[in-house]
Amino acid sequence: MSAIRHLAAIAVALALVSASCSTALAQKKYDTGASDTEIKIGNIMPYSGAASAYGVIGKTEDAYFRKINAEGGINGRKITFISYDDAYTPPKTVEQARKLVESDEVLLIFNSLGTPPNSAIQKYMNQKKVPQLFVATGATKWNDPKEFPWTMGWQPNYQSESIIYAKYILKNKPNAKIAVLYQNDDYGKDYLKGFKDGLGSKAASMIVAEDSYEVTEPTIDSHIVRLKASGADVFFNITTPKFAAQAIKKNAELDWHPLHFLNNVSSSIGSVIKPAGFEAAQGIISSQYLMDPTDPQWKTDKGMIAWNEFLDRYYPDANRADASVMYAYIVAQGLEHVLRACGDNLTRENIMKQAASLRDLELRGLLPGIKVNTSATDFAPLSQLQLMRFKGETWERFGDILSGDVGG
Amino acid sequence: MSAAEEVEVVTEGQAVEAVPKRAMTLGYGTSLVVLAALVLIPLFVKNFIIFQMTMLLIYALAVLALNILTGGSGQFSLGQSAFYAVGAYTSAILMEHAGMNYALTLPIAGIVCFGFGFLFGQPALRLSGVYLALATFALATAMPQLLKLGYFEHWTGGVQGLVVTKPDAPFGLPMSQDMWLYYFTLVVSIAIYVASVNLLRSRSGRAFMAIRDNEIAASAMGVDVALYKTLAFGVSAGITGVAGGLGAIAVQFVAPDGYTIQLAISLFLGMVVGGVGWLPGSIVGSAFIIFVPNIAEGISKGLSGAVFGVLLFLVIFLVPHGARQVAIIAQQLAAKLKKN
């Protein structure tokens with residue numbers, strides 16, 4: 001009997017010692033999905049369906065994590081990147097997110113794409129307390145650490161971008177008559193809202209024409225004709241690449257030359273400006289936070305060279321004119337930074353903590369001067385943009401780095 | 001060529017009379033085995049699998065609804081996603097804006113969709129075959145945009161959709177939300193399945209099938225063709241609506257992007273794979289549309305669509321009558337074995 005008691009005492013003592021050791025060393029702490037050798041990252045992308053053009057983001061990220069693994073991993077741990085297709089349909093997103101969390105047991109879900117798909121899993125992720133990190137959508141609602149402490153955005157949101165344009169107009173063209181064309185979905189409406197908020201009380205009098213189109217329309221020519229008829233001298237063009245090119249072209253054909261603001265979704269030289277014609281695009285104002293790979297001015301930039309080397313080696317068949325490839329390269333670096341900062345404490349809580357304490361982080365591919373910043377109350381990592389004007393065959397940046405922070 | 005003849009080709013081939021009533025269902029023994037499996041499996045698997053099984057039942061209901069319409073009354077529809085969406089939104093709006101109990105929203109969703117389908121059945125009277133399919137196709141393409149309309153935005157949440165709260169198990173039952181929802185869905189599904197089987201065996205069911213086989217003969221026998229055609233549409237839409245409502249609760253979210261034409265085509269696919277006019281096939285069809293895309297993705301991410309296409313082609317090529325044909329072959333084999 002006493003022997004047993006003796007043994008028990010020793011066991012307790014041992015347990016205490018080992019417990020104190022582990023707190024003294026405080027080192028290796030893991031949640032599901034992380035171990036001494038592996039970090040499991042989940043991801044959901046529309047590889048099929050209407051938004052499948054964005055699938056390259058997932059492919060680029062996969063290539064980037066292969067690069068990290070080839071270079072020895074993160075603090076000695078290899079990344080296992082599990083990416084599923086949701087075809088941009090929310091019910092499928094829920095199924096895939098549950099599969100990742102409950103069946104594959106990932107540590108976190110990273111850069112899942114699209115506003116409706118992410119909205120569908122936001123509540124679930126927060127209930128489960130699994131990070132939904134750096135979501136790939138420009139909606140404003142992701143910056144809401146109070147309600148959703150496990151969800152964090154990434155890119156500058158649409159509203160803050162259009163607030164920047166609104167401020168510019170109020171300052172430089174206070175008597176403008178504005179025509180707005182927007183895509184009839186969450187993205188277009190978010191831009192429009194930010195724009196109206198930015199103009200404030202003058203929105204009603206300044207916006208003389210407002211028109212929307214459906215993604216399914218083959219051409220938006222008739223909308224441009226209608227907007228021109230309104231007599232506006234400023235045009236805010238909230239369209240996706242294909243339509244943006246049509247709009248620029250049609251403006252030139254109609255000989256309508258308003259001060260043209262183009263949302264940065266469509267600022268790619270390769271996929272928008274060039275097809276529309278350089279001549280027609282002169283003087284267009286837009287804004288950007290990442291380097292356009294088709295813009296010749298970045299050819300010798302260090303970040304761009306690194307990007308090209310990375311693609312040569314790990315994703316040779318990537319379309320280098322596609323801004324999504326650059327986007328994915330930057331956000332993957334962001335995750336790499338967060339995981340490295342976590343050290344050996346790979347708990348979900350620590351990941352959110354590290355993600356929320358990024359200070360002036362610079363990443364390859366971001367415009368010079370644009371930095372990633374977060375805090376416990378600011379879950380919008382990128383919120384800076386720089387205005388730029390199209391001149392010759394390239395974008396010319398002007399003015400300071402601007403920020404139009406909006407909470408969700 | 002009339003619609004009736006076309007359906008003939010799709011369903012049976014050589015059958016002249018209506019699909020025998022027995023052939024539309026499973027035998028007692030088989031039903032019990034399937035039921036036991038559906039009741040027992042969730043006790044032993046992870047919550048994620050339970051969730052998938054819930055979705056399996058929900059899509060099975062939607063496929064069943066289409067089966068009643070096409071297999072029963074011989075009318076085509078590519079617009080089931082619209083009825084599904086209306087059901088989903090009805091449930092979601094009642095739960096989130098009116099604070100109604102989730103179980104009560106389902107019959108309402110069903111009734112709303114029944115009315116909607118019945119009304120839509122009116123133009124269906126003038127159209128048949130592929131023309132009807134196109135008309136319903138229009139409905140399916142229009143629905144996501146209607147849900148986005150600013151006019152309804154206060155209720156529908158516009159493009160952002162609505163988040164739905166998942167119900168807890170009542171009476172303090174010691175089971176997870178997923179498991180409770182699964183058994184709840186199972187009970188609803190069985191009730192609807194039994195009701196559908198009985199419907200097709202009833203006078204109305206015989207009228208449906210008479211119309212399917214030969215409209216002129218049916219009207220000569222005194223069947224009110226107009227009434228029964230719209231009725232079939234209504235019943236089908238109503239069941240789809242209930243499935244939609246259940247889907248909204250299980251997924252906890254409704255948004256226009258969830259109910260595109262793709263869903264309608266999936267359901268149609270499910271019906272064909274399960275066997276047109278064979279109600280138990282609905283669950284097989286539902287399994288096909290849920291799991292085969294996942295399998296295809298597992299084989300190749302970049303070519304998942306192509307792999308899915310190949311698998312679908314194989315199914316259609318090898319067993320053109322779907323799961324029903326497999327079941328018949330299995331039955332014949334079993335009979336042979338018994339003889340020996």
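Helices (H or I, at least four residues) and strands (E, at least two) are DSSP runs, numbered from the N terminus. This is a predicted model, in which local features need pLDDT of at least 70 and side-chain atom pairs count only at pLDDT 80 or more, while totals for chains, interfaces and linings use all residues. Residues are numbered from 1 along each chain as its sequence is written, and chains are lettered from A and ligands numbered from 1 in the order in which they are written.

View 1. Leaving aside neighbours within four places in sequence, A:Gly138 is in contact with A:Gln155, A:Asn157, A:Tyr158 and A:Tyr187, a contact being two C-beta atoms, placed from the backbone, that lie within 7 Å.

**View 2. Packing of helix H9 (residues 241-253) and helix H10 (residues 269-276) of chain A.** The axes, which are lines fitted to C-alpha atoms over the stretch in contact, lie 8 Å apart at an angle of about 25 degrees. That angle makes H9(A) roughly parallel to H10(A), a term for angles under 35 degrees between N-to-C directions, on a scale from 0 to 180 degrees. A:Pro241, A:Ala244, A:Ala245, A:Ile248 and A:Lys249 in H9(A) meet A:Ser271, A:Val272, A:Pro275 and A:Ala276 in H10(A).

**View 3. Chain B, with 15 helices and two strands.** The radius of gyration of chain B, taken over C-alpha atoms, is 20 Å, close to the 20 Å that the globule rule gives for 340 residues, so chain B is as compact as a globular protein of that length; the rule is 2.2 Å times the number of residues to the power 0.38.

Note on methods:
Angles under 35 degrees count as roughly parallel, over 145 as roughly antiparallel, 65 to 115 as roughly perpendicular and the rest as oblique.
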